[in-house]
Amino acid sequence: MSAAELGALNARELRNAERRHRWYLFGSGLPALLLVLLTFVLPIGWLFWLSLFDANGQLTTENYTRLLEPIYILTFVQTFKISVIVTLVCVAVGYPYAYFMIKGPRWLSNLAMALLLVSLWTSLLVRTYAWLIILQRRGIANDLLMSLGITDAPLALVHNLTGTVIGMVHIMLPFMILPLFAAMKSIDPIYNQAAATFGASPARAFRDVFLPLSLPGLAAGATLVFVITLGFYVTPALLGGGKVQMISMRIESDVSMYANWGAASSLGVVLLVTTLLILFIVKKSAGLGRRSE
Amino acid sequence: MSEEHKLSMSIDIENLTKTYGSFAALDDVSLSIKSGEFLSLLGSSGSGKTTLLMALAGFVSPNAGSIRFGGREMVFEPPHKRDVGMMFQSYALFPHMNVFQNVAYPLKLRGYSRADIRQRVQQALAMVELDNLIERNITELSGGQRQRIALARAIVFEPKILLMDEPLSALDKRLRETMQLELRRLHERLGMTVVYVTHDQREALTMSDRIAVMSKGKIRQIDTPVNLYERPANRFIAEFVGESSCLPVTLQDGQVMFQGRPLRGVTPVAGLSKPSLVVRPEKLQFVTADASDYNCLHGHVTDVIFQGESQLVQIDLGEGMVVAIRRPTRSSENNRLPSRGDAVVLGLHLKDTLVVGDEQ
């Protein structure tokens with residue numbers, strides 16, 4: 001066999017190996033692909049399909065025009081308002097929490113992480129009911145506030161917006177802190193040292209160097225919290241006491257009380273589209289897609 | 001002289017000690033660095049050289065001792081009030097700022113006007129020959145470019161003291177050698193006091209006015225490159241600086257004996273513990289046994305190694321002693337190179353004959 005023939009033979013074999021490798025990759029990804037198709041793409045497609053029909057099975061746009069009624073607009077506004085509040089509180093609480101996990105002594109950092117994970121691993125329902133008990137009229141929170149003399153009469157801490165926000169913030173905090181912690185952990189302390197040698201006080205170094213470098217983590221956490229909060233159901237339903245209406249609760253009542261799948265579906269579609277829109281905007285503006293070094 | 005004083009500052013370190021548990025990273029270190037001097041701290045990892053630099057920068061707080069910059073006590077000053085320039089091993093360029101913002105940062109902190117900042121940044125970048133990259137992102141730069149930007153940032157505010165922590169170690173050999181010469185020229189031009197940490201003895205020899213060799217938290221010898229190389233204080237320094245073999249010698253009847261013969265050109269120092277003869281490859285010559293100005297070492301060739309600019313001939317002197325002799329690769333010389341197994345006589349000139357003791 002000549003050298004040229006051998007080269008051609010090798011080229012053919014290498015091409016075959018490449019093809020086999022591609023099929024292998026495709027094959028190993030296939031089950032997951034099918035699962036996503038089955039559990040995600042199909043139901044959402046079906047949801048969208050349902051939203052185009054009224055209760056009698058007639059093709060209609062009324063499911064969407066109805067969303068312009070004040071009661072629905074109000075629900076949307078309230079949902080976004082709550083999401084914004086919960087996200088802001090999560091940022092305000094989560095940023096210092098993550099910062100002290102990074103900068104604090106090791107044992108404190110480990111303790112903080114353990115508390116966070118225990119909270120994350122506890123059932124959502126358990127945590128929500130726990131807040132119900134803590135925040136009720138004669139609950140621990142009111143007892144404490146009164147014994148400290150901060151208030152004379154028990155405050156209404158639950159079955160309203162306050163209780164809803166407290167419960168949701170607690171449940172969403174890990175989603176804020178964990179990405180933030182990961183981002184902060186990857187910031188080399190040498191940058192702060194460098195800033196210091198060039199004359200930056202610790203506060204100035206934080207502002208000029210640490211904070212900007214932690215922003216991608218902050219954006220990731222805030223987006224996660226905001227998006228999950230948009231579709232939150234259990235906690236606002238239990239802690240809101242009927243005074244807090246979020247989209248998810250409207251969907252639930254449309255289905256279980258009125259059996260109106262079309263109306264519920266249109267709400268779901270709008271919520272999904274809004275969420276995707278927000279993700280898109282955040283990705284574009286905060287540069288989350290840009291890979292930092 | 002007064003001009004010089006404006007640009008640089010002396011550093012006085014006295015009895016500086018830093019312990020981590022029972023480990024002494026700095027063990028009673030005292031050192032005076034003259035204003036405008038280029039001083040290298042040379043040592044292997046764990047010798048305390050980086051700890052000493054970090055103590056100067058203010059990131060390591062000593063347990064005892066004093067650090068004075070131009071006579072002013074610095075031990076209690078936080079890093080941001082020490083007003084030193086610093087170059088880090090990993091450069092530590094801020095990834096969220098571009099080249100201009102990075103170099104401008106020290107000036108911004110010092111409240112310079114916008115126009116002044118732009119002019120000084122441009123000057124500093126011109127000095128490292130990268131003024132064309134002013135708007136680039138840090139991620140778009142090569143290792144060598146980053147190194148120069150870090151240098152520009154460290155000198156842009158004309159610090160009187162410049163600290164450098166192995167700034168060239170990440171570069172390849174050729175670039176490193178170019179940068180060594182550039183740093184030296186820059187130091188001559190700007191005149192600030194430089195403390196330069198390195199584990200590369202060749203780098204230290206190339207650049208420094210003086211070198212402090214450190215090990216186990218102590219300074220073992222501090223001297224000019226020439227003296228350090230030619231007159232090492234002890235065996236540790238002799239082996240650490242340059243490629244050298246230290247061959248055991250004995251003291252007998254007021255003479256230094258090697259291979260059963262007295263060494264000429266050295267006077268034995270009484271009380272020298274474990275004396276040894278320092279032999280460096282470039283100091284040796286092939287001689288005949290009766291050469292008058294040379295001490296003769298007898299052995300046979302075990303290997304001839306081609307290294308490009310020179311050839312290294314390894315020679316077994318018996319009793320487990322091995323030395324190497326370096327010959328430049330010149331056609332006229334190579335004809336006279338022996339081959340493996342040959343018995344040879346090596347000559348060490350009387351002026352190059354040096355006997356040192358162990359430390360202590």
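B:P248 has B:S276, in strand 15 of chain B, as its bridge partner. This is a predicted model, in which local features need pLDDT of at least 70, side-chain atom pairs count only at pLDDT 80 or more, and totals for chains, interfaces and linings use all residues. Residues are numbered from 1 along each chain as its sequence is written, with chains lettered from A and ligands numbered from 1 in the order in which they are written.

Strand 11 of chain B and strand 15 (residues 276–279) of chain B run antiparallel and are joined by four bridges; strands (E, at least two residues) and helices (H or I, at least four) are DSSP runs, numbered from the N terminus. Two strands pair if DSSP finds at least two bridges between them. Both strands belong to an open sheet of three strands in chain B, with the order 11-15-21 and antiparallel pairing. Strand 11 (245–248) and strand 21 (354–356) of chain B sit at the edges, each pairing on one side only. On average, neighbouring strands of this sheet are turned by 40° against each other, direction ignored.

Stepping back, chain B splits into domain 1 (2–230) and domain 2 (243–356), with bounds from an automatic or database domain assignment. The C-alpha centres of these two domains of chain B are 39 Å apart.

Now for the meeting of the chains: 18 residues of chain B are in contact with 15 residues of chain A, contact being C-beta atoms, placed from the backbone, within 7 Å. Helix 3 (residues 99–109) of chain B gives the largest share of chain B's side, three residues. That side divides into twelve nonpolar, four polar and two charged residues; Ala, Val, Leu, Ile, Met, Phe, Trp, Tyr, Cys and Pro count as nonpolar, Asp, Glu, Lys and Arg as charged, and the others, Gly among them, as polar.

Over in chain A, helix 8 (residues 190–197) packs against helix 9 (residues 202–230) at about 155°, with the axes 9 Å apart. Helix 8 of chain A is therefore roughly antiparallel to helix 9 of chain A, the label for angles over 145 degrees. Axes are lines fitted to C-alpha atoms, for helices over the stretch in contact, and angles run from 0 to 180 degrees between N-to-C directions. Residues in this contact include A:Y191 of helix 8 and A:F210 of helix 9, and the contact holds seven nonpolar, one polar and one charged residues.

Conventions:
Angles under 35 degrees count as roughly parallel, over 145 as roughly antiparallel, 65 to 115 as roughly perpendicular and the rest as oblique. Two residues are in contact if their C-beta atoms, placed from the backbone, lie within 7 Å.
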